[in-house]
Every structure is written in structure tokens, then in C-alpha cells.
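Please open the model in a viewer and follow the stops below in order. Each stop names a selection and then says what is there.

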Amino acid sequence: MRAARLIRMALLVQSSPGLTADALARELDVSRRTVIRDAQALQEAGVPIRAERGRAGGYHLAPGHRTRLTTLHPTEAETLYLSGLPTALRDLGLSDAADTARLKLSATLLPSLRAAAESSVRRFHLDAPAWFREPSTPELLPELARAVWSDRTVRITYARPGRDDEVTRLLEPYGLVLKAGVWYVVGRVPDGRDGAWRTYRVDRVTALSPTDDEPFVRDPGFDLTEYWRASAEDFARTLLRTTATLRLTERGLGRLPAVADPAGVAEALASASGPDAGGRVTVELPVESEEVAFAQLSELGADVEVLAPAGLRERFRAHARDLAALYGVAGQR
């Protein structure tokens, strides 16, 4: 564990000279005191790392010292070849650059590591698009990707979903996200009233033109991964507009995550009562609608009893009567 951290620290200092002890502590998720001890351990191991004071201070390696890629573990080399999505790189117009980078990387590796890395390509393939959907690359995606790379403000025309009109926005594009085969751009509208972050589907961008402004200054506190995680959770929760009160068997409670929305299940489990005399547990499950809830909960069969709302309970009553008529009467002798 410590050996891996020491290697990572050396690589961080090599790639970003001048990192302070506090900055390294944040990157390595350790204390400042641990960073200082690790720097001493690297020095004792022959890595010429030193701490400098002043405005241009921080940790530096001796001039000319480089850590070579030939020290990669075979598993690390394999992982490098899995770090990109072929379809995503193609959509962004970067497939040629990625192929060239892999060739350069292969040329720097020892023959044994080169074979290990290339073997991963023959064993793993990531297919991002969802089933039953014909993948298509938005026409303006490569141009938008260039704006993301260069921090260029763009003017986009966007077709709003469910409406026949389009809107034009100035957008500072911070990043691109590929979700189930659909590309999204995340950015900030600089002339917006609240300055909030916005997410747009790239295939709904009908026109795009870079502005002549200087590159925008990125917010150093913005984390694309964390933003997407939080916004995806919020979006999933906004879809759950109704609450169903359920009485579940132990088996039904265990199967609930397999049929219902994860955000709703988490709230349902938090609201669960203790088992009653029959061993059943009552929960409050957020659902999208009665129709969707009926389709989801029907898979649980007799392991779920709907207590409310009345309309959903009546759906199950009618369903039970239909099943009884179909199977009960026909099965009598």
C-alpha cells in the first residue's frame, strides 16, 4: 500500500513540479505529516526529491530526473489499454490520436509488458450504447469537444424537449458525459440570471459557433464526476412523484431493489417498519406513477400487498380477479 503511494507521489511531483505538502496530502488522501515522511523515504530510496521554499517552492525532482514507464507492473500496463472507450474516442474525433498514443506507449514498454498490455485489447471491449437503440454520433460533437478542450465559450442553439421552439444560449462548456450511448455537455451560462450549471443533450444542439472571446477561466472547484453523480441522483428522484405504501414479505423486501428505482428503494428501506406478527414489513416506496408502480411491483407476486394509494390497490384487486378467473375456475375439477 505504501509502496504504491510512494510511486504515485513521485509521479505527481514529476508531472506537476511545485506541489506543496498540503496539495500532495489532498491528492494522496493522507496527512501533511505523512507526505513529509514519504518524501524522506523517497530520498532514502534514491529518488532526488526535495522541498523548496518561497513563491516557486513546493516539491521538485532534481533537474533531468524522470521516472521511466518500464517500471510499470503488467496489470498496470493492461489497465492503461482499457482506459478509453473506442466508440467515445471515435465520436470525439480522437481515434487517430488515441491509436498513435498507444503505439508510442507500446514503443516505450519492455517487450514483456507490451505483450501484457496488448492482450487486454483482445479480452475486453466496452460497448457504451444501450440495447435496442441505434447509436448515432451528434454532428456537432467534435466541434463541441474542441471547445471543451480549449475552454472556449460557444453560442449554441438548442431544441427544447417537448416543445417546438429553440433557444440560443452562450455556454462555457466544462465537460462531456456519455451516458447509455447519449452524449451530454455540462457547462455554465455566463449571462444567466443564477449562474447555475446546465446540462444539454448534444443531439439536441442544432447550431454551434465559437465566440471571439478569450478562453473562459474555469472554476477550480468544479468536479465533473461529482456534478454528474449528484445531478443524476437529483434527476432520478424528481421522477418519483407518487408514494406507495407496501406490506412485504422478507423475500419481497429482498427482491424490491431488482424491480423498483434505486432512489425510491433507498427511501423505502429507510422507512421500513419492524416485522409484524406475520413477518411482513411495511414501507413507503416513492414511485414514478401508479401505472409504473403496478408494472414494477407485479413482478413480486404475493410477496407484496399494496395498502395505498387506493387506485393502485384497486389495480391489483382487478389483476387478482382476472388471474383467478383465468386459472382458478379452469383449474377446478
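Helices (H or I, at least four residues) and strands (E, at least two) are DSSP runs, numbered from the N terminus. With those labels, Asp29 falls in the loop between H2 and helix H3 (32–44). The model is a predicted one.

**Stop 1: Asp29**

Select Asp29 and read its backbone torsions. Phi is near 60° at Asp29, a positive value in a residue that is not glycine. Most residues other than glycine have a negative phi.

**Stop 2: H1 and H2**

Now select helix H1 (residues 2–15) together with helix H2 (residues 21–28). Two packed helices are described by the angle between their axes and the distance between the axes. For H1 and H2 the angle is about 130° and the axes are 11 Å apart. H1 and H2 are therefore oblique to each other. Where H1 passes H2, the crossing is right-handed. To see the contact, show the side chains of Arg5, Arg8, Met9, Leu12 and Val13 on H1, and of Leu24, Glu27 and Leu28 on H2. This set of contact residues divides into five nonpolar, no polar and three charged.

**Stop 3: the five-stranded sheet**

Which order do the strands of the open sheet take? Going across, the five strands read E6-E5-E4-E3-E7, with antiparallel pairing. The edges are strand E6 (197–201) and strand E7 (205–210), each of which pairs on one side only. From one strand to the next the twist averages 45°.

Within the sheet, select strand E4 (residues 166–179) and strand E5 (residues 182–188). E4 and E5 run antiparallel and are joined by seven bridges. Gly175 stands opposite Val186 in E5.

**Stop 4: Tyr174 and Phe222**

How many aromatic pairs does the model hold, counting rings of Phe, Tyr and Trp whose centres lie within 6.5 Å? The count comes to eight aromatic pairs. One of them is formed by Tyr174 and Phe222, and its geometry is edge-to-face, at 5.1 Å centre to centre with 75° between the planes. This pair links distant parts of the chain: Tyr174 is in strand E4, and Phe222, 48 residues apart from it, is in the loop between E7 and H9.

**Stop 5: H12 and H13**

Select helix H12 (residues 290–297) and helix H13 (residues 310–328). Their axes come within 10 Å and cross at roughly 45°. That angle makes H12 oblique to H13. The crossing of H12 and H13 is right-handed. On the H12 side, the contact involves Glu290, Glu291, Ala293, Phe294 and Leu297. On the H13 side, show Gly311, Leu312, Arg315, Phe316 and His319. The contact residues of H12 with H13 divide into five nonpolar, two polar and three charged.

**Stop 6: Pro309**

Finish at Pro309, in the loop between strand E10 (304–308) and H13. Is the peptide bond from Ala308 to Pro309 cis or trans? The bond is cis, with omega near 0°. Most peptide bonds are trans.

Technical notes:
Residues numbered from 1 in each chain as written. Predicted model: local features only at pLDDT ≥ 70, side-chain atom pairs only at ≥ 80, totals over all residues. Heavy atoms only, no water. Axes fitted to C-alpha atoms, helices over the stretch in contact; angles between N-to-C directions. Parallel < 35°, antiparallel > 145°, perpendicular 65-115°, else oblique. Left-handed = near helix turned anticlockwise from the far one by under 90°. Contact = heavy atoms within 4.5 Å. Nonpolar A, V, L, I, M, F, W, Y, C, P; charged D, E, K, R; others polar. Pairing = 2+ DSSP bridges. Phe/Tyr/Trp six-rings, centres within 6.5 Å; stacked < 30°, edge-to-face > 60°.
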